[in-house]
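Please have the sequence and the 3D view open while reading.

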Number of protein chains: 2
Amino acid sequence: MNPALSKIEIIQMKKIEHIGIAVKNLEDSIAVFEQILNTNCYKTESVDSEQVNTAFFSSGPNKIELLEPQSEESVIHKFIETKGEGIHHIAFEVENIEKEMQRLVNAGFTLLNDKPKQGADGKLVCFLHPKKTNGVLIELVMDYKAK
Amino acid sequence: MNPALSKIEIIQMKKIEHIGIAVKNLEDSIAVFEQILNTNCYKTESVDSEQVNTAFFSSGPNKIELLEPQSEESVIHKFIETKGEGIHHIAFEVENIEKEMQRLVNAGFTLLNDKPKQGADGKLVCFLHPKKTNGVLIELVMDYKAK
């Protein structure tokens, strides 16, 4: 038997990389989450292409990302207008984002971007359309240097 | 100097223990999340006191919990009626739930239950009121045997 035939590649989501939370005011919300998590915000970053300002907190192997809209054009502004402040998305860390995107397309899911794009915190990212994921906006993230 | 005075206890959320997702139909949603996460559901459990049926998946150090209402009395039924299917809460693992509850009350947050209560998956749990947490329903969880 050819040993290559018995070697089946199992691709799995490695962990929850972060949870994205839509907030109206980043400064006020940083103070709130510093109290909840009992740890300091370790980074803020503006992602102009997405029209958001972000702030990051660690919780063991996971992160919390606060997202404040920079303008009314931001999808975060529209989210808050419709649903109010709250959890916006879950991001899973993957080993190889292109392979994972292909696997999910083959399984019938819809990607919101055909190619990985540059996200916050030095990551390549891709989103899945929530219509086929029980209303959950799911992001795949891969470390830029990981591949 | 008294060494006890220099010993400040730092309590932090240890990790995201799980994300809770409200779904209409558990069986259908298990199939969807088995595809997304590329792993099998490892447990289902009914929590009659909360009127929910739950299903669990692993993602590295974290879990995904699907929540299906058992009846119209379930808070999950009301959540889906108002907001649709989607992310319902974030649960953080804590070392000592009573101490963490006290710390958060002292910081001005509101607890939804005064004493830890029995949750799914053999845990003691407590929820924070989302009005002071940017609309995010936050659960504290402690392993029943951990203390």
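## Salt bridges overall

Over all chains, the rule counts 18 salt bridges, a salt bridge being a side-chain nitrogen of Lys or Arg within 4 Å of a carboxyl oxygen of Asp or Glu. The model is predicted, so local features need pLDDT of at least 70 and side-chain atom pairs count only at pLDDT 80 or more, while totals for chains, interfaces and linings use all residues. Residues are numbered from 1 along each chain as its sequence is written, chains are lettered from A and ligands numbered from 1 in the order in which they are written, and side-chain values use heavy atoms, with hydrogens and water left out.

## Where the chains meet

Contact (heavy atoms within 4.5 Å) involves 41 residues of chain A and 41 residues of chain B. The size of an interface is often given as the accessible area lost when the parts come together. Here the buried area is about 3,200 Å², with carbon and sulfur atoms giving 61% of it; buried area is the accessible area (1.4 Å probe) that two parts lose on being put together, summed over both. On the side of chain A, the residues that lose the most area to chain B are A:I36, A:I87 and A:N134, together 21% of what that side buries.

Which kinds of pairs cross between chain A and chain B? Among the elements that give two or more residues to the side of chain A are β1 (15-22), α1 (26-37) and β5 (86-93). The most comes from α1(A), with six residues. Helices (H or I, at least four residues) and strands (E, at least two) are DSSP runs, numbered from the N terminus.

## Salt bridges within a chain

In chain A, the side chains of A:E17 and A:K63 form a salt bridge at 2.8 Å, N to O. A:E17 is in strand β1 and A:K63 in strand β4, 46 residues apart. A:E17 counts as buried at 5% relative accessibility, and A:K63 counts as buried at 15%. Buried means under 20% relative accessible area, exposed over 50%, and partly exposed in between (1.4 Å probe, protein chains only). A network of salt bridges also links A:K14, A:K15, A:E93 and A:E95.

In chain B, B:K123 forms a salt bridge with B:E17, their closest N and O atoms being 3.5 Å apart. B:K123 lies in strand β7 (residues 123-128) and B:E17 in strand β1, so the pair ties together parts that are 106 residues apart in sequence. B:K123 is buried, with a relative accessible area of 9%, and B:E17 is buried, with 5%.

## Polar contacts of B:N53

B:N53 lies in strand β3 (residues 52-59) of chain B and counts as buried at 17% relative accessibility. Its side chain has a polar contact of 2.8 Å with the side chain of B:E68 and one of 3.0 Å with the side chain of B:Q70. Not counting residues up to four places away in sequence, the residues that B:N53 touches include B:L26, B:E45 and B:L66.

Conventions:
A polar contact is a pair of N or O atoms within 3.5 Å; within protein, one must be able to donate a hydrogen and the other to accept it, and residues adjacent in sequence count only if both atoms are side-chain atoms.
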